[in-house]
Structures are given as C-alpha cells and as structure tokens.
Amino acid sequence: MEWVTVGVGGTFVTWALYYYFVVIKPTRLYFRTDSIFPSIIPRCPTISTFYPSFLHANRFVQTIGAKFLRPGPSVTYRRQLLETEDGGEIAIDWDIDGLSLSEIAPTIIVSHGLVGSSSSKYVRYMVTSLRSMGWRVVVFNARGCGTTVLKSARTFNALDTHDLRLVVKTVSSLHPNAPLFAVAFSLGANILTKYLGEEGDQCCLRGAVAISNPFEMYWADVGPNIFSAALIRDLKKYVSRHRTILSLEHDVEHILQARSLSDFDTRCVLKSVKYTCIKEYYRDCSSVHKISSIRIPTLFLNSSDDPMIPMKLIPTSKIYENPYVAFAVTSRGGHIGFMRNIFWRKPWSDAVTLEYITALLDRPA
C-alpha cells in the first residue's frame, strides 16, 4: 500500500511540475506600439496567460472536450429571416434576454464556424457571456446551417461576405444608436476578417474579435485525419439535409463520395461560387490577404497548438502593416477550445472578449 501511495503521489507531483513549468506559458502578444493596443491590452488582464484545465492541457482534448465534455448553457432565441439578393435565405437569432434592452445597449453579432449554428455549444457559451454584461446579442446562421432551410443551391462557403454584410446592415438599421461589435469563430472568423478588410474605412463596427481564424484556407486538409473526417461527416449531413434543393444544380451522390475537405469543396462549393480551380478559390477566400486593409480595432485569438491551424499560418507580422490589428497567441488551447476548467465553464476566449469589448467601449467613439 505504501508503494502505491508513493507511486501515485510521485506521479501527481511530476505532472504538477510539468504543468507549472511546461504547460503554463505567457500569451504571446503582437501589436504595434504606436497603435491603440498599448492602452487597450492592459485593460484585459485575462489575456496575459491562459491556464488550461489541469486534466485537459492536451490540444486534442481541448478541441474535442470543448464540444463533448462541457454541458452547453441554455439560450432562447427569437429568429428573424433575411432574404438575400440571389434568392437565398439566412437566419439571425436574437438572444431573447436582450430584446428589452435600451436602444443604446452595445450589440454584438456572433458568427459560428463550419457547419455550426446558434445552437453550437461554443456559440451558446459566448452568447451567455456577452449577455451577462447587459449587451444585446444576435447570432448569424449561415445558409442552411442549424435548422435553417437552404433556399438556393448556393451553399455556405468561405468566399462570400455578402451575407454577413446583409446581417451587419440589418442589425445596424434596427439599432442605429447602439455601438456594434462582431465576434466570430473559425471559418466564421475568416469570413469576418475578409469583410472587415473589404469594408475598410467604411466599416460601421466599433471592434471585432476573431477566434481560431484559419487565415489560409489551402491548409484545410493538412490537419489530423480525425478532425478532417469529423468535418466531412458534418458536411455530408448538411448536403443530405438539403438534398432536394442542391440536386437542382449538383450531383448530390457525387458530393457524398468526397473523402477530404478539398475534395468536398471541389465537388460542391466550386460550382456554387463559379470557380473552376480549387487553388484559386482557396487563394481568394483566405482572409490573410485582407488583414492589412482592416480599419477598426481587431483582436485575433489563436493557439499555437491548434491541431487544425499550424502556428506558421498565424500572420503575426501583419502588425507591421496595420496598427488596427493585434494577435494573442497562447501555447495551449486547441481549436475553439481554451477550456480553463470543466467546472469553470466560461472559456478563456470568452473572458478575454468581454474585457476587450469593455475596454473599447470605454474609449471615445
């Protein structure tokens, strides 16, 4: 019994030392000293260090655990449908708890990742976090995602910013006196970044946060097979659910035989967006090319151990081209993970987002 006790105790001590000296690392922060960020970042104390859950420091556990280990918070929405210029339809879901807020209450648009929706756990966590600050929250559901109906054969893709532009215009017109912000995850973060760059000086947002942005879309198939396979499975469910409308322009059975993300994009998305070359499509939908044109304070939150986005793709050097962007890169966190504790359910990225938006609100408009 004594030997067992000593063994268990030694293992715990070894792991504790490993956790303290190897796992815990300060966040790497990148921003220009002549930008607004030297006055903003000190107002965000949580950003300095990410303390991953003691038992879930591994990048795969962070990524998978964020989806399966945490119980998702309950959020009630009121849905508003928007018709697009090409006859498509998108849905924005308003957090019902924010409907009675004043017209000047800060309003935040949240965008999900690939085949996510307003019901995705990471989205619901962000909604409840933002709501706790007394802010109005609305979630942008991409075409055909969640329970929305796909009204045209043009699918959700990484290239289009038209739908997000419609959402921003709609929300802004409904609450013209409210400071408007945007928060987005993964593929949604890529689309938001592209939108910000395209809008430039004309952007009506006060600030933005992009979490786990892939930046370079050509890297889609390089990550571990377990994640690629999961995404392909979800994409095939998306296609099967919208089989009737997609069959008007696509060979659905051909799409369902896709074995990789690039294979899926080649079989399905290229035709929707009128491209013939997958390399040209990935080049044009990669948000890295739009960062230098952003003209509102934008914070990028990424993890260097993201199993889907290698560190070398995080374009931290862009700060030299643009004083409106900052990068916060943690050593752990996975992809849209950032779990601090399974009992402390608010992710690190949510806490940082709240502090960041609060700091921007305290600045003169």
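The legends below describe close-up views of a predicted model.

**View A. An open sheet is built from nine strands.** The strand order is S1-S9-S8-S7-S6-S4-S5-S3-S2, and the pairing is mixed. At the edges lie strand S1 (28-30) and strand S2 (77-83), each of which pairs on one side only. On average, neighbouring strands of this sheet are turned by 20 degrees against each other, direction ignored. Strands of a sheet pair through backbone hydrogen bonds, either parallel or antiparallel.

**View B. Strands S4 and S6 run parallel within the model.** Strand S4 (residues 107-111) is joined to strand S6 (residues 180-185) by five bridges. Ile108 has Phe181 of S6 as its bridge partner.

**View C. Helices H4 and H12 lie across strands.** Helix H4 (residues 121-131) lies across S2, strand S3 (89-95), S4, strand S5 (136-141), S6 and strand S7 (207-211). The direction of H4 is at about 160 degrees to S5. Helix H12 (residues 348-361) lies across S4, S6, S7, strand S8 (298-303) and strand S9 (325-330). The direction of H12 is at about 165 degrees to S8.

**View D. Helix H10 packs with helix H11.** The axes of H10 (residues 261-272) and H11 (residues 278-285) are 10 Å apart and meet at an angle of about 95 degrees, which means that H10 is roughly perpendicular to H11. From H10, the contact is made by Leu261, Ser262, Asp265, Thr266, Val269 and Leu270; from H11, Ile278, Tyr281 and Tyr282 take part. By class, this contact of H10 with H11 has six nonpolar, two polar and one charged residues.

Note on methods
Residues are numbered from 1 along each chain as its sequence is written. This is a predicted model: local features need pLDDT of at least 70, side-chain atom pairs count only at pLDDT 80 or more; totals for chains, interfaces and linings use all residues. Side-chain values use heavy atoms; hydrogens and water are left out. Axes are lines fitted to C-alpha atoms, for helices over the stretch in contact, and angles run from 0 to 180 degrees between N-to-C directions. Helices (H or I, at least four residues) and strands (E, at least two) are DSSP runs, numbered from the N terminus. Angles under 35 degrees count as roughly parallel, over 145 as roughly antiparallel, 65 to 115 as roughly perpendicular and the rest as oblique. Contact means heavy atoms within 4.5 Å. Ala, Val, Leu, Ile, Met, Phe, Trp, Tyr, Cys and Pro count as nonpolar, Asp, Glu, Lys and Arg as charged, and the others, Gly among them, as polar. Two strands pair if DSSP finds at least two bridges between them.
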